[in-house]
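Work through the exercises below with the sequence and the model open. Each task is followed by a solution in steps.

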Amino acid sequence: MTAVLAFDDVSVIRGARHLLKNVSWSVGEDERWIVMGANGAGKSTLLRIASTRLFPTRGAVDVLGERMGKVDLSELRPAIGVSSALLGREMREEETALNAVVSASYGMTGRWREHYDADDERRALQLLNQWGASTLLSRRYSTLSEGERARVLIARSLMSDPELLLLDEPAAGLDLAGREDLVRRLGAFAASPLAPAMVLVTHHLEEIPENFTHALLLRDGEVVAQGPLEETVTQGNLEATFGLQLTLNRQGSRFSAFAR
Ligand SMILES: Nc1ncnc2c1ncn2[C@@H]1O[C@H](COP(=O)(O)OP(=O)(O)OP(=O)(O)O)[C@@H](O)[C@H]1O
């Protein structure tokens, strides 16, 4: 198995504090990972490293077979798709949904004066369609609902046909119908052998889509457990991750949990 992402004993230290501590983790090209942990556990820090936006204080990181610090990151970044609310906030108010997607091929968050060729627009339309957002293409991004934005941002993150897809809480702020629609689409996408390696960060067990294969559980910057999803998302591991007693429910491929 080829590792798309490999962390070797990675720590991120700010002052006296470890945001991540001795994390060793590897993502294979056909794997779909869930990263879970309480607020402040270090999930976003982990994703920022994976997206090459942050260097670790200690340890080594290989992204797509290249060692961070020894490679021109501008060559690596188009191969990494990122979808996060933070990125969504960089989108210009008046930008259309179509431009929000197509501009990703130029590493921009909006359309300026560059010329997009017909292939780029075709691909953007196909992605908007795949993510249930084809009716939104002419709408201004700023007028979209949270659920609509989430789908447009995922379409955008796939524009460059990445080898690694990083999804930071894609279902945050969605209502029940919006969450279920997105989780279903992500599950279907994860089943495709053509889909890139995926890492999805979430706080909520209900947001784990079908066909995700592995999980990494973090607490206070340290790995509580990692491995195949079925073996890792257990009551004991979740209790250790969130620091409370839980009842874990499973229905088919979906999970939920309540405090005991
Ligand atoms: N530059 C910094 N200096 C000190 N502490 C920081 C710095 N950046 C982040 N932190 C702290 O590091 C911890 C981990 O942050 P991170 O954003 O990675 O957590 P998270 O798991 O993504 O949290 P959330 O679920 O709330 O988004 C937090 O407690 C945060 O306050």
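## Exercise 1: Thr52

Thr52 counts as buried, with 20 C-beta neighbours inside 10 Å. The cut-offs are these: a residue is buried if 20 or more other C-beta atoms lie within 10 Å of its own, exposed if 12 or fewer, and partly exposed in between, with C-beta atoms placed from the backbone. The model is a predicted one, in which local features need pLDDT of at least 70, side-chain atom pairs count only at pLDDT 80 or more, and totals for chains, interfaces and linings use all residues. Residue numbers start from 1 along each chain as its sequence is written.

Solution. Helices (H or I, at least four residues) and strands (E, at least two) are DSSP runs, numbered from the N terminus. Step 3: most residues other than glycine have a negative phi.

## Exercise 2: Asp161

Task: find the loop that holds Asp161, then decide whether Asp161 is buried, exposed or partly exposed.

Solution. Step 1: Asp161 sits in the loop between helix 6 and strand 7. Step 2: Asp161 has 13 other C-beta atoms within 10 Å, so it is partly exposed. Step 3: its phi is positive, near 55 degrees, in a residue other than glycine.

## Exercise 3: strand 6

Task: determine how far strand 6 is enclosed and which way its residues point.

Solution. Step 1: five of the five residues of strand 6 are buried, so the strand is largely enclosed by the rest of the structure. Step 2: Ile80, Val82 and Ser84 point one way, Gly81 and Ser83 the other way. Step 3: in a regular strand the side chains alternate between the two faces of the sheet. Step 4: strand 6 runs parallel to strand 7, with five bridges joining them. Val82 stands opposite Leu166 of strand 7.

## Exercise 4: helix 6

Task: compare the span of helix 6 with the expected value, then list what its buried residues pack against.

Solution. Step 1: helix 6 has 12 residues and reaches 16 Å from first to last C-alpha, close to the 16 Å expected at 1.5 Å a residue. The expected span is 1.5 Å times one less than the number of residues. Step 2: 10 of the 12 residues are buried, so helix 6 is largely enclosed by the rest of the structure. Among them are Glu148, Arg149, Arg151 and Arg156. Step 3: the buried residues pack against strand 6, helix 3 (85-89), helix 4 (97-102), helix 5 (118-130), strand 7 and helix 7 (176-191). Residues are in contact if their C-beta atoms, placed from the backbone, lie within 7 Å.

## Exercise 5: the ligand shell

Task: which element gives the largest share of the shell around the ligand?

Solution. Step 1: the residues surrounding the ligand include Arg14, Arg17, Lys43 and His203. A residue is near a molecule if its C-beta atom, placed from the backbone, lies within 6 Å of it. Step 2: strand 2 (17-28) and helix 1 (43-50) are the elements giving two or more residues. Step 3: helix 1 gives the largest share, three residues. Step 4: by class, the shell has two nonpolar, seven polar and three charged residues. Ala, Val, Leu, Ile, Met, Phe, Trp, Tyr, Cys and Pro count as nonpolar, Asp, Glu, Lys and Arg as charged, and the others, Gly among them, as polar.

Terms used:
Pairing = 2+ DSSP bridges. Contact = placed C-beta atoms within 7 Å.
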